[in-house]
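Hello,

Here is the structure we talked about. Please open it and keep it in view while you read the notes below.

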Amino acid sequence: MQYIGSVYRPPSEAYSLIVQVTIGCAHNACTFCSMFKDKSFSLRREADILRDFEEARRVYRRVERIFLADGDALVLGTDKLLRILDKIRTLFPECARVGIYGSPQDVLRKTQAELISLKEAGLGIVYIGAESGSDRVLADIKKGATRAEIIESVEKTEEAGIPASVTFISGLAGREALREHAIECGTMISRASPSYVGLLTLIVEPPAPLYADIEAGRFVPLTPQEVVAETRLMLEHTEVKRDCVFRSNHASNYVSLRGTLPHDKARMLDRLDAALRDADMLKDERFRML
Ligand code: SF4
């Protein structure tokens, strides 16, 4: 198996076979992100990708999940992705789910028929980074997508029968835009109705442009209590049309939440209220990580 640079995957792909089909992130401009700043974006040669899968088949007796990396691997052409998925089906008949990161633009560039063909070939989940529901915040962080485009990309993915897992980041807007960020994340979840929402909390590391803003005092990170209050406001503003698994159990979060909206909303709000009353419920800063 050949890995180029650091490899990242969503928390729910912790036990997946990870194979890079692209290197880096085609966008690579988000101000808070340090993940792929050490790599220039490139496509991997198809022969190398297929060789990695063959090698993994020789090594692993059972592979239940596969994750196609790197940052926005859905940028690959549909024909190439279909050949990769076909290889996976042939080599790993036991594989129950193939996942991939995709930017809103990657989804919108594909036709509905292409997305359906990917679903039929075995693509089982697309992880889409929304980060915020606010157009102002999205512009500030150089996300490269608007609120409307993100909502459309999630709806399009779900309509093709592929569950979308959408990521938001607590604390991303700082103190001034806390309310706007929280409320518009909540209303974006309500409008887009993804199958899954993953909530992370902002941690900024040196190669990210936002790190320099923090160092210079231009951006002040939220306190843990402010992050919890922001999450509460976000959850309060979710009114989903269908079941949505909501998780904030990433290593970066101060309070771990897991439930299905709308049924578990009151329980999760109660847990956040308890954390606001009792600081001992908050994860110690030393144990937070990306
Ligand atoms: S957050 Fe995602 S889209 Fe933005 S630069 Fe990082 S990997 Fe690329």
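**Helices, sheet and cores**

Start with helix 1 (residues 46-59) and helix 2: their axes come within 10 Å and cross at roughly 15°. That makes helix 1 roughly parallel to helix 2, because an angle under 35 degrees counts as roughly parallel. Their crossing is right-handed. Helix 1 contributes Glu46, Ile49, Leu50, Phe53, Glu54 and Arg57 to the contact. Helix 2 answers with Lys80, Arg83, Ile84, Lys87, Ile88 and Leu91. Bear in mind that this is a predicted model.

Helix 9 (residues 224-236) packs with helix 10 (residues 265-277) at an angle of about 160°. Their axes are 10 Å apart. These two helices are therefore roughly antiparallel. This crossing is left-handed. On the helix 9 side, the residues involved include Val228, Ala229, Arg232 and Leu235. On the helix 10 side, they include Met268, Leu269, Leu272 and Leu276.

Which strands form it, and in what order? There are 8 strands in an open sheet, ordered 1-4-5-6-7-8-9-10, with mixed pairing. Strand 1 (17-20) and strand 10 (258-261) are the edge strands, and each pairs on one side only. From one strand to the next, the twist averages 25°.

Look at one pair of strands in detail. Strand 6 (residues 123-131) and strand 7 (residues 164-170) run parallel and are joined by 5 bridges. Glu131 has Phe168 in strand 7 as its bridge partner.

Two helices pack on this sheet. Helix 2 (residues 78-91) touches strand 4 (65-69), strand 5 (97-101) and strand 6. The direction of helix 2 makes about 155° with that of strand 4. Helix 7 (residues 178-192) touches strand 6, strand 7 and strand 8 (196-201). The direction of helix 7 makes about 170° with that of strand 7.

Last, the nonpolar cores. In soluble globular proteins, nonpolar side chains tend to be buried together. Here the largest core has 79 residues. Phe53, Ile66, Leu68 and Phe92 have the most contacts inside it. Helix 7 supplies the largest share of this core, 6 residues. Which residues does Phe92 contact, leaving aside its neighbours within four places in sequence? They are Leu17, Phe53, Ala56, Arg57, Val63 and Ile66. A second, separate core has 6 residues, including Ile18, Phe67, Ala69 and Tyr101.

Best wishes

Technical notes
Residues are numbered from 1 along each chain as its sequence is written. This is a predicted model: local features need pLDDT of at least 70, side-chain atom pairs count only at pLDDT 80 or more; totals for chains, interfaces and linings use all residues. Side-chain values use heavy atoms; hydrogens and water are left out. Two strands pair if DSSP finds at least two bridges between them. Helices (H or I, at least four residues) and strands (E, at least two) are DSSP runs, numbered from the N terminus. Axes are lines fitted to C-alpha atoms, for helices over the stretch in contact, and angles run from 0 to 180 degrees between N-to-C directions. Contact means heavy atoms within 4.5 Å. A nonpolar core is a set of buried Ala, Val, Leu, Ile, Met, Phe, Trp, Tyr and Cys residues joined through side-chain atoms within 4.5 Å. Buried means under 20% relative accessible area, exposed over 50%, partly exposed in between (1.4 Å probe, protein chains only). Angles under 35 degrees count as roughly parallel, over 145 as roughly antiparallel, 65 to 115 as roughly perpendicular and the rest as oblique. A crossing is left-handed if the near helix is turned anticlockwise from the far one by less than a right angle, and right-handed if clockwise.
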